Amino acid sequence: MIKSDIRIARSFLNDEVYIKSRSKADLGLEQLKSKTGPGSEWLGWRDILAKPNDAELEEISQLATKIRQDADIFIVCGIGGSYLGAKAVIDALTPHFRANGPEILYAGHHMGGKYLEELIAYLKAPNSDGSKKSIYINVISKSGSTLETALSFRAIREVMEEMYAEDVIKRIICTTSKEGGILNPQIEAKKYKKFIIPDDVGGRFSVLTPVGLLPIAVAGIDIKTLFYGAVSAYNRFEDDAEEILEYAALRNALHEEGYTIDVFACFEPELKSLGGWIQQLLGESEGKEGKGIFPAVAAYSTDLHSLGQFIQQGQRSVIETFIIVEKPFSKLKVSEIDGNDDKLNYLAGKSFHEINNSARLGTTEAHHEGDVPILNISIDTLNEENIGELIYFFELLTGVFVYSLGVNPFNQPGVEDYKKAMYRLLGKEG
Ligand code: PA5
């Protein structure tokens, strides 16, 4: 279960500013629920939780089980909302040094030629026992025409067609819109397996559709528990969204007060990708019409040794949001050694969780003294259910907060500008 603690951040605001923002947040939630705000045709991410599609969850789970039995490598080929959610959940819930199941690799998320070249060489190289690698790819693109993804898919598909002349079709799974785009004609011609991204779910809100669910399931994560974690958050916030309203109001008030950067910081490295997903979800939704708070991502204590100085004493425009896991999820403790030559015996017997927790409390104390408004978002345990809840928590927060700014959360007109310029430089027709 998620808990939010906004007390430190709230102490930076006077009641008048907060109360004004609170009424904007109330209106934002009302617009979302009544589907009367701008972009209301994109609210399918709420509807999929109101009416879960158990048959699809089962179909994805079954296909994932088959792939896990056969694959050495599973490539997630997508960019932005088409891969960040899957990566967030996979990094949070699977071991750092995985022993079981296919290796999950990413492609189509940039245009680095060196990366793709090395990936292809790695795919072609045999396993350590000399056998050919068993590779599957899931190409994920709602529009079906994103250049980064399409280019990588073209190159990897060519390799796979050479490697698996007979059964290449079963190794290529496409996730795209029902109709349109450049992928759909390829799917029809080659008879690839296809999953549909609902028309009314935008990329950055799509992690709980086949976009995120297939890669997550292939990584060995229980997608039904994840999905139903989000459903339980949905039901809870339909009854009482006080926590979301408070958080959205607070962020709106801090925006009004001129705060321009929100650092989403975790204290466990496995949660950094979750920060990356939150960054895209909020960033692409709020950053329009000259408005928004720039979402940054940090993994502490690593980044306390790079960003910490700025946050403590630099320009006072930074908010911090800590993503916290309360219960320990590792058993590692500091040992006692003879001679104490590294002078660490004062920590002997303490768990790394306790030490890390002291780092968080110390950071809170120092940054608070340094005039940084801090918010805490906590889950008790790192598991599927809680990550599912967190996903919906941040989706709903994004919708309510961005509506409170008076902006459409669900489009991204600015992203098109670089594409137009790039296509012109590349001489694309039409
Ligand atoms: O949130 C979004 O809509 C974007 O980040 C898209 O997910 C991203 O641009 C990829 O688009 P597509 O899935 O059409 O390839």
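1. Ground rules first. This is a predicted model, with local features needing pLDDT of at least 70 and side-chain atom pairs counted only at pLDDT 80 or more, while totals for chains, interfaces and linings use all residues. Residues are numbered from 1 along each chain as its sequence is written, and side-chain values use heavy atoms, with hydrogens and water left out.

2. Layout. You'll find domain 1 at 3-37 + 226-409 and domain 2 at 47-221; these bounds come from an automatic or database domain assignment. Their C-alpha centres sit 30 Å apart.

3. The interface. Domain 1 puts 27 residues in contact with 25 residues of domain 2 (contact means heavy atoms within 4.5 Å). Together the domains bury about 2,300 Å², 68% of it on carbon and sulfur atoms; buried area here is the accessible area (1.4 Å probe) that two parts lose on being put together, summed over both. On the domain 1 side, Phe227, Glu270 and Gln280 lose the most area to domain 2, together 26% of what that side buries.

4. Polar links. Two salt bridges run between the domains (a side-chain nitrogen of Lys or Arg within 4 Å of a carboxyl oxygen of Asp or Glu). Nine residue pairs are in polar contact across the interface, both partners at pLDDT 80 or more; a polar contact is a pair of N or O atoms within 3.5 Å, where within protein one must be able to donate a hydrogen and the other to accept it, and residues adjacent in sequence count only if both atoms are side-chain atoms. Helices H10 (223-239), H12 (272-286) and H15 (384-404) each supply at least two residues of domain 1's side, and H12 gives the most, with eight. Helices (H or I, at least four residues) and strands (E, at least two) are DSSP runs, numbered from the N terminus.

5. Ligand. Of the 13 residues around the ligand, Ser82, Ser141, Ser143, Thr146 and Gln280 come nearest (near means a heavy atom within 4 Å). Ligand oxygen atoms lie 2.7 Å from a polar side-chain atom of Ser141, 2.5 Å from one of Thr146 and 2.5 Å from one of Gln280.

6. Lys35, in the loop between H2 (15-34) and H3 (44-50), has a positive phi near 55°; its side chain meets that of Asp47 in a salt bridge (3.0 Å, N to O). The Tyr300 to Ser301 peptide bond is cis, with omega near 5°, and Ser301 is in the loop between strand E8 (294-299) and helix H13 (308-313). Most residues other than glycine have a negative phi, and most peptide bonds are trans.
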